[in-house]
Amino acid sequence: MPILLMRWRLRRRRRGSEAPQRGELGNIVTKIRDLTGQRFGRLVALTFTGMDKTGRAIWSCVCDCGTTKNIVGYCLTRGSTKSCGCWMKELRAQRADFHGKSDTRAHSIWTSMMSRCNNPNATGYARYGGRGITVCERWKKFISFLEDMGDPPAGYTLDRIDNDKGYCKENCRWASYIEQNNNTRSNRYITAFGETKTLAEWARARGMKYITLHRRIHLSKWPVEKAITTAVK
Ligand SMILES: [Zn+2]
């Protein structure tokens, strides 16, 4: 353990006297654990600045956020002080934010995403967690999920762009129910006349409503080419 030897000027005052008397200024040598340059959480100790009234070493520290603050050395070494105070402030804000959002649609969407990927007893687990669909590390915290996705617009739900990949920022979007339906495994692509397109693309290409084409193919079970070419009444 590196020790900082500090010649420390001791100033004693006679009770009641205003100024220190000549002869009462003495020198003592104090052993102080040298913390110069050491990191404690977000803080790095810069210089020893002196002792407080109770004889504890005070260190001038710089925090990752840029703030410089005097901190009792012992609080650093035992790990009770890890930032200038900014860390606690952030945690408190996050917690407040979390509670503010805990009964929103975003939160219930997050909860069901987490359970269908992780909980074997959840409805739909077989089609998600059961076939290797996972939630990325970052999104295991609701607050990060919310940061990346924002609140869902009304009528929109969480959609994975590539159905074989998991839940993460790059593979997710808020999609309307119709868009999402178009992206499910069973009806993602339709081949007709040697061309393969999504149902929505076929509908657009033929100037038809998505729902009309969907009804013809998936509900009325028309042959694909008939469904695409038959004029809408
Ligand atoms: Zn800070």
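Author: Setting aside neighbours within four places in sequence, L76 is in contact with L35, F40, L43, A45, W59, I71 and T81. Keep in mind that this is a predicted model. L76 itself sits in helix α1, which covers residues 73–77. Is L76 buried or exposed? It counts as buried because it has 23 C-beta neighbours inside 10 Å, and the cut-off for that label is 20 or more.

Now take one of those partners, A45. Along the chain A45 and L76 are 31 residues apart, yet their C-alpha atoms are separated by 8.8 Å. Seen from the A45 side, and again not counting residues up to four places away in sequence, the contacts are L35, T36, G37, Q38, W59, C61 and L76.

Both residues belong to something bigger. The largest nonpolar core has 9 residues, namely L35, F40, L43, A45, A57, W59, C61, I71 and L76. Two elements give two or more residues to this core: β4 (43–51) and β5. The largest share, 3 residues, comes from β5.

That brings us to the sheet. Four strands, in the order β3-β4-β5-β6, form an open sheet with antiparallel pairing. At its edges stand β3 (39–40) and β6 (68–72), each with a single partner strand, so one side of each has no neighbour in the sheet. Strand β5 spans residues 57–63 and pairs with β6 in the antiparallel sense over 5 bridges. If you want a pair to look up on screen, S60 stands opposite N70 in β6.

How far can you trust this part? Among the elements of the chain, β6 has the highest mean pLDDT, 95, while strand β1 (residues 3–11) has the lowest, 56. Over residues 17–26 pLDDT stays under 50, and the model has 8 contacts beyond four places in sequence for that stretch. The chain as a whole averages 81, with 79% of the residues scoring at least 70.

For contrast, here's another helix. In α7, residues 210–219, the buried residues are L213, H214 and I217. Looking down the axis of α7, these fall within an arc of 100°, so they line one face of the helix. The face turned away from that buried side carries the exposed residues I211 and L219. What covers the buried residues of α7 includes β9 (190–192), α6 (199–205) and α8 (224–229). Just after α7, K221 takes a positive phi of about 55°.

And what about a spot at the other end of the burial scale? N119 lies in the loop between α3 (105–118) and α4 (142–149). N119 is exposed because it has 12 other C-beta atoms within 10 Å, and the label applies at 12 or fewer. The C-alpha atoms of N119 and G130, 11 residues apart along the chain, are separated by 9.3 Å.

Zooming out, the protein chain contains 8 helices and 10 strands. Buried residues make up 14% of its 233 residues, and L76 counts among the buried ones. Of the contacts with a separation of 6 or more, 33% are between residues 24 or more positions apart.

Conventions
Residues numbered from 1 in each chain as written. Predicted model: local features only at pLDDT ≥ 70, side-chain atom pairs only at ≥ 80, totals over all residues. Contact = placed C-beta atoms within 7 Å. Arc of directions from axis to C-beta. Pairing = 2+ DSSP bridges. Core = buried A, V, L, I, M, F, W, Y, C linked by C-beta atoms within 7 Å. pLDDT = per-residue confidence, 0-100.
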